[in-house]
Amino acid sequence: MSAVPAWGLVVETTVGTGERKHTEAQVVGHLTGSRQEALAELERRARSYSPTHPLSPRRRRLLRVGDGFLLVVDGAWQSFVTRFTVAELLEDSAAPRIPEPEPEPEGDAAPEPVAGAAPPDPAEARESGLDADGVPVRPAWLGRRDLP
């Protein structure tokens with residue numbers, strides 16, 4: 001079974017004016033689920049997005065492109081563009097670390113004694129591979145081929 005993909009919702013928008021006009025990008029959200037669900041959320045954000053520029057918008061056009069949406073807003077003198085993109089999240093260096101699951105003990109491994117429980121009967125302990133105090137007679141690492 002494959003894991004459910006995570007999607008980043010990216011907004012690239014024009015900032016500044018004149019010769020200082022440039023594009024800046026931001027990841028505005030993350031979503032797990034299908035690509036269609038991520039696109040639906042992105043469309044909702046694109047429809048309600050209100051860019052800072054132009055100050056006096058004359059025309060607003062929202063276009064669908066393969067991986068998202070393109071918003072073109074014409075002002076009195078210039079046009080400003082905002083690109084909305086959905087992208088699959090492959091790696092995130094700031095994501096919280098999820099510890100690796102502990103490997104399941106092998107079928108012949110002795111059960112670990114419960115703290116505060118009475119030690120097993122000596123005859124029973126020999127049969128289960130534990131000494132009278134409940135300590136394994138044979139270390140778990142002995143005979144493992146995956147250790148140096």
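**Salt bridges in the model**

Colleague: Hi! What separates R45 and E41 in helix α1?

Modeller: About one helical turn, because they are 4 residues apart in helix α1, which covers residues 35-48. Bear in mind that this is a predicted model.

Colleague: Noted. And how far apart are the closest N and O atoms of R45 and E41?

Modeller: They come to 2.9 Å, and the two residues form a salt bridge.

Colleague: Is E41 buried or exposed?

Modeller: E41 is buried, since its relative accessible area is 18% and the cut-off for buried is under 20%.

Colleague: Which residue does E43 pair with in a salt bridge?

Modeller: That would be R47, with 2.8 Å between the closest N and O atoms. Both sit in helix α1, 4 residues apart, or about one turn of the helix. E43 is buried at 18% relative accessible area, whereas R47 is exposed at 56%.

Colleague: Switching topic: what joins the side chains of D74 and R61?

Modeller: A salt bridge, with an N to O distance of 2.7 Å. This pair links distant parts of the chain: D74 belongs to strand β4 (residues 68-74) and R61 to strand β3 (residues 59-65), with the two 13 residues apart. D74 is buried at 15% relative accessible area, while R61 is partly exposed at 29%.

Colleague: Last one: how many salt bridges does a search of the whole structure find?

Modeller: It finds 5.

Note on methods:
Residues are numbered from 1 along each chain as its sequence is written. This is a predicted model: local features need pLDDT of at least 70, side-chain atom pairs count only at pLDDT 80 or more; totals for chains, interfaces and linings use all residues. Side-chain values use heavy atoms; hydrogens and water are left out. A salt bridge is a side-chain nitrogen of Lys or Arg within 4 Å of a carboxyl oxygen of Asp or Glu. Buried means under 20% relative accessible area, exposed over 50%, partly exposed in between (1.4 Å probe, protein chains only).
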